[in-house]
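Hi everyone, thanks for coming. I'd like to walk you through one structure today, starting from a single side chain and then stepping back. Have a look at the screen.

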Amino acid sequence: MNQVIKLGMTAIALSMLANMATAKNVTATPPLRISVQERIPSDLEEGARVVANRIENWIPAETAIIICDMWDRHWCDDATARVAEMAPVMNEVLTVARDKGVKIVHAPSNCMDYYADYPGRKAAKKYGDRRIAALANGSELPSEKGAQWPVDQSDEGCENKGLAPHHAWTKQIDALTVKPEDLISDSGAEIGSYFRKKGVRNVILMGVHTNMCVIGRSFGLRAMKRMGMNVVLMRDMTDLMYNHERAPFVDHFSGLDLMEEYIETYVCPTIASTDFTGRKQFKFRGDTRPRVAFLTAESEYRANQRLAEFAHELTLKNIHCDFATGIPIMGEARKDADAKVKAEYAAYGMPIDTDGKTAVPTRHNLENLQILGDADLAVIFIRRRALEPEKMQLIRDYVASGRPILGLRTASHAFDAKGNVPREGGAVEAARENTSGLLAQWPEFDEQVLGGNYRGHYGHLNTGTDITIVPGMENHPLLRGVTPFNSPNWLYQNRPLRTSGARVLLLGSNPGVPDEPVMWINGTNVIYTSLGHWDDWKIESFRNLMFNTVEYLLKETGK
């Protein structure tokens, strides 16, 4: 009897040691820092959406990537070629993710016989759950009710004339490595049951095609959402089945952008491969459209709403738009958010506010700045942000490249944080250029780049600000379709400008004060306007001004 008890105690001790070892291994594995982008309802305007970003910290062992239908051959030749182009880059992403402890799931539909003897296929067949199977369907989600589908795919979306859908594939493309520890399945019931059993709750979908299989398979975005997974689309590791001769009659890649916008709005967030590789996002060689990078981080003028709406219209003009957004200012709600983030980090034994590196999010942050690497135009609508030096350097590098810039409203004080700046480490640094530690500012951005002289603004007037054209500038291409109008903006003080090369196009007037420049060109490829109130976008002249400005600046790059 005593021997039995002794053996039992030994077993318990060994189990505890094993659990401690497992816990130690988990603790030693750093979390995945995932930058999530989505389109959420505006709190300020009914029916409107804003581009929003948040940072999530995922446990690698609770994370999986599903690769959808990256076949060796598609019935559409164009689709086959794009898969072949994307696959080597995708394999690099998978290699990094696998090394970080993420589970890789290969899901080439209708190819399971080919993989019958693979360990990953045998492993997947062991899983099944009737409750999960009931959720494994790709029908429309309640959140999509009443939503307009972005592209007409009634012809199956192939741009190759004369080709009809047929079963052309036998396996997944060979450029994607299949490891023994990977799972292989095209069954949502199997995959979902495996996830539930193994504690996987974060799921990334990549592969083809967003408007068909990626969203609609039994293991696709909708099905994973139904299963309660924290599911996202990797937006630069996917493609679309769309014929540009169908509505909305845009370039193939603009159709892909519209589909990704739909997914961010009604289905789930998206991420970029940058979160794993640290490199800029993938771009197809055939995608030669102009690229606009919107940098937004302000809380007064609804930039994340109005610029998202503007970007949608630019997409319909076959201009690709990316967003680098600041996380919201948390204000009084920050304490709860901080506690949640701290708890997540504490699970890994990672200190908070002591090493100066592990950070609770603050207003001084801008995500997705790698988009500047491919940008033909940067649109900046930022207010008083300090950034990590490496992020500020990306902006400085873009400026030094000589590519065009459009500054809106608060861009004149975009990187002048004023007063004391909370550092990521929790301490407080007095605001100054090149703040030591983690944060950098650029208070001279207004003078050095925009050519402005921002010194505050006049009072808020119920009558708004009258906007007039500088005499002699009426026929300038930037002012096509622009007539004098009244803006709800309060007037910024910018005179005299601090550049001799500025060409002022528009003036703003308030009673009893001197007229102020409200729009000018600095050199050849930098334009600034102190306009940008959310209601300016309802004014036809202002909208024409914005479209003209983008067109004008893109011409500077040959686009």
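Let's begin at Thr63, whose side chain reaches the backbone oxygen of Ile59 at 2.9 Å. Before I go further, please keep in mind that this is a predicted model.

So, where does Thr63 sit? It belongs to strand β3, which covers residues 63-68. And is Thr63 buried or exposed? Its relative accessibility is 0%, and the cut-off for buried is under 20%, so Thr63 counts as buried.

The side chain of Asn202 is another, in a polar contact of 3.4 Å. Asn202 also turns up in the list of residues that Thr63 touches, once you leave out those up to four places away in sequence.

Now let's step back to the whole chain. It has 14 helices and 19 strands. Of its 559 residues, 55% are buried. If you take contacts between residues at least 6 apart in sequence, 77% of them join residues at least 24 apart. The accessible surface comes to about 24100 Å², with 52% of that belonging to carbon and sulfur atoms.

Next, a sheet I'd like you to find. Nine strands make up an open sheet with mixed pairing, and the order is β10-β9-β11-β12-β19-β18-β17-β15-β16. At the edges stand β10, residues 320-325, and β16, residues 485-487; each has a single partner strand, so each has one side left without a neighbour in the sheet. From one strand to the next, the twist averages 20°.

Within that order, let's zoom in on one pair. Strands β11, residues 377-382, and β12, residues 405-408, run in the parallel sense and pair over three bridges. If you want to locate one on screen, Ala378 has Ile405 in β12 as its bridge partner.

Finally, a word on confidence. The average pLDDT of the chain is 88, and 85% of the residues score at least 70.

Notes: Residues numbered from 1 in each chain as written. Predicted model: local features only at pLDDT ≥ 70, side-chain atom pairs only at ≥ 80, totals over all residues. Heavy atoms only, no water. Helix = DSSP H or I, 4+ residues; strand = E, 2+ residues; numbered from the N terminus. Buried < 20%, exposed > 50% of the residue type's maximum accessible area, 1.4 Å probe, protein only. Contact = heavy atoms within 4.5 Å. Areas by Shrake-Rupley, 256 points an atom, 1.4 Å probe, with all protein chains shown as cover. pLDDT = per-residue confidence, 0-100. Pairing = 2+ DSSP bridges. Axes fitted to C-alpha atoms, helices over the stretch in contact; angles between N-to-C directions. Polar contact = N/O pair within 3.5 Å; in protein donor to acceptor, adjacent residues only side chain to side chain.
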